[in-house]
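Hi,

Have a look at the model first, then read on.

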Amino acid sequence: MKLPEGSKTAVLLQKLQWQFNSVGYMEAAQKKYGDFFIAPVLESDSAVFVSHPEALEQILHKQRSAVSAPGSLNEIMTPYHGNQSIFVLDGDRHQRHRQLLMPAFHGARMRVYGDLIGSITKQVIDQYQIDQTFSARSLTNDISLQVILETVFGLHKGERCFQLKQLIHSLFEDVRVPFIAASFLLPFLRKDLGAWSPWGYFVRQRQKIDDLIYQEIAERRSQPNPERTDVLSLLMLAQDEDGQSMSDQELRDELMTLLLAGHIITSSTMTWALYWIHKKPEVLQQLLAELDSLGESPEPTVISRLPYLTAVCNESLRIYPVEILTKGRMIKSPIEVMGYHLSPGTALYGCIYLLHHRQDLYPEPKQFKPERFLERKFSPYEFMPFGGGARRCIGEALAQYEMKLVLATLLSHYELELADNREARPQPPGTTFPPAVKMRLRGKRHSAKGLAKTQALLTNL
Ligand code: HEM
């Protein structure tokens with residue numbers, strides 16, 4: 001039986017390489033060591049990255065009695081989301097939080113959010129001027145932040161909503177963000193040297209956000225409104241099997257978790273999709289033909305089932321999955337997976353990026369080809385942008401629905417173009433990839449059917 005191998009380079013150097021070029025690090029290791037390799041770049045120095053679909057099915061699903069999903073492997077962002085977040089809980093408490101959170105993100109609830117997502121998209125893009133050049137990431141960030149604030153927090157206007165938006169925006173966009181991200185990976189950098197130091201700035205911004213969240217929770221507790229449908233309201237009402245509901249701190253930590261998970265990742269994925277759609281004119285044409293075939297005001301659920309739009313979203317999630325790894329798993333009792341012996345205490349991460357770039361599953365993996373999702377059905381362990389098993393993403397339905405409705409609204413009603421011909425590359429640091437893509441708003445768009453009608457009217461005049 002084999003043991004996974006890995007680079008002999010000093011651990012700190014490997015961590016730095018990971019921080020600045022995660023894709024290059026993973027591709028080089030896979031080339032040298034194959035589908036299992038040791039990558040001491042996260043919490044555990046003996047962590048193994050796995051990228052074979054059969055092995056992932058074993059680890060995430062079939063061998064669940066020998067593999068746990070401990071929260072201690074996901075502690076990297078604890079200073080941000082706190083220690084009551086679903087990310088860091090394990091065992092029964094993790095199950096309890098999943099039970100409380102999941103109904104709020106169930107597919108059937110998406111109907112409630114459909115019209116909201118379309119109107120937020122229009123409100124945000126309507127603030128841009130014709131011929132204005134803008135960052136695609138700012139556009140998708142503004143949309144996804146507003147979607148999360150409305151769907152999760154139930155906030156759509158007012159001073160608290162405005163302040164939260166400003167604070168969250170500055171927490172993710174400030175020039176000090178790369179230093180703050182480095183402090184998450186290297187705890188000795190977490191030094192509060194005053195308001196201008198990166199960690200001091202982070203701690204103060206977080207405190208201001210916390211104050212607003214606790215104010216909102218207190219207000220909701222004192223004036224309960226059973227009519228509300230946002231996730232916070234559902235969480236405040238939800239009870240587990242023992243009749244327990246969530247404490248204020250649990251609510252705060254979960255809200256911060258959902259903000260982080262739901263806002264930045266979804267917006268980065270939408271940025272990639274906008275880039276690829278406008279980089280490939282044939283993709284844009286095919287999407288517009290599909291969208292126009294639905295007529296003037298299609299139902300959001302009808303849009304969300306469009307085959308080519310779904311294929312474009314899937315291909316965007318495949319080529320640069322914004323979450324390049326699953327959360328960590330831990331071997332509890334010795335097992336053998338595909339000829340590798342894995343001993344207790346070994347941390348495992350599903351390597352979603354490498355899985356999605358396997359030549360045997362995705363020929364020409366660096367090419368953006370939505371049609372591969374129309375030609376073949378991939379198993380849940382061949383295509384897994386949302387992970388699998390005990391920690392599978394709970395926001396999958398919202399993320400997919402949001403992506404499709406935002407793209408459909410933007411493409412059907414506006415003409416956008418890339419501001420330059422540059423190739424967009426994933427951006428460091430860490431494991432998310434917000435690309436720096438500049439776009440231009442050319443104007444409002446009239447659908448092919450609308451144009452034909454106008455032309456007919458003009459000819460009859
Ligand atoms: C395109 C957008 C998104 C992608 C690619 C994504 C991907 C992922 C992945 C890969 C995981 C880890 C799964 C595993 O370890 O098996 C995860 C976990 C999670 N995601 Fe998402 N996610 C997205 C959007 C969202 C949204 C919108 C929310 C909620 C608002 C959300 C909430 C969560 C939560 C709470 C977990 C942790 C689950 C647990 O630990 O039990 N995600 N996501």
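Predicted model: local features only at pLDDT ≥ 70, side-chain atom pairs only at ≥ 80, totals over all residues.

The largest core has 141 residues, and the members that touch the most others are Trp18, Met26, Phe49, Tyr80, Leu139 and Phe153. Helix H12 (residues 248-279) supplies the largest share of this core, with 14 residues.

H12 also turns up in a helix pair. Helix H5 (residues 91-101) packs against H12 with the axes 13 Å apart, at an angle of about 70 degrees. Since 65 to 115 degrees counts as roughly perpendicular, that is how H5 sits relative to H12. On the H5 side the contact is made by Arg93, Arg96, His97 and Leu101, and on the H12 side by Glu250, Glu254 and Leu258. Sorted by class, the residues of this H5 and H12 contact are four charged, two nonpolar and one polar.

The other pair to look at is helix H13 (residues 281-292) with helix H15 (residues 307-319). Their axes come within 9 Å and cross at roughly 140 degrees, which makes H13 oblique to H15. H13 brings Val283, Gln286, Leu287 and Glu290 to the contact, while H15 brings Pro307, Tyr308, Leu309 and Val312.

Helix H9 (residues 177-185) has a set of buried residues: Ile180, Ala182, Ser183, Phe184 and Leu185. What covers these buried residues of H9? Helix H1 (11-20), helix H4 (78-81) and helix H10 (198-222) are among the elements that do.

Two single residues are also worth a click. Ile59, in helix H3 (residues 53-62), has a relative accessible area of 5%, so it counts as buried. Beyond its neighbours within four places in sequence, Ile59 is in contact with Val50, Val67, Arg329, Val337 and Leu348. Phe368, in contrast, is 309 residues from Ile59 in sequence and 29 Å from it in space, C-alpha to C-alpha.

Then there is Gly118, which sits in helix H6 (residues 110-125). Is Gly118 buried or exposed? With a relative accessible area of 16%, Gly118 is buried, because the cut-off for that is under 20%. Leu410 is 292 residues away from Gly118 in sequence, yet their C-alpha atoms are 8.9 Å apart in space.

Last, some backbone angles. Most residues other than glycine have a negative phi. Met338 is not a glycine, but its phi is positive, at about 50 degrees. Met338 belongs to the loop between strand S7 (335-337) and strand S8 (340-342), and its relative accessible area of 35% makes it partly exposed. Glu364 also has a positive phi, near 50 degrees, without being a glycine. You'll find Glu364 in the loop between helix H16 (352-356) and H17. Glu364 is partly exposed as well, with a relative accessible area of 44%.

Cheers

Notes
Residues numbered from 1 in each chain as written. Heavy atoms only, no water. Core = buried A, V, L, I, M, F, W, Y, C linked by side-chain atoms within 4.5 Å. Buried < 20%, exposed > 50% of the residue type's maximum accessible area, 1.4 Å probe, protein only. Helix = DSSP H or I, 4+ residues; strand = E, 2+ residues; numbered from the N terminus. Axes fitted to C-alpha atoms, helices over the stretch in contact; angles between N-to-C directions. Parallel < 35°, antiparallel > 145°, perpendicular 65-115°, else oblique. Contact = heavy atoms within 4.5 Å. Nonpolar A, V, L, I, M, F, W, Y, C, P; charged D, E, K, R; others polar.
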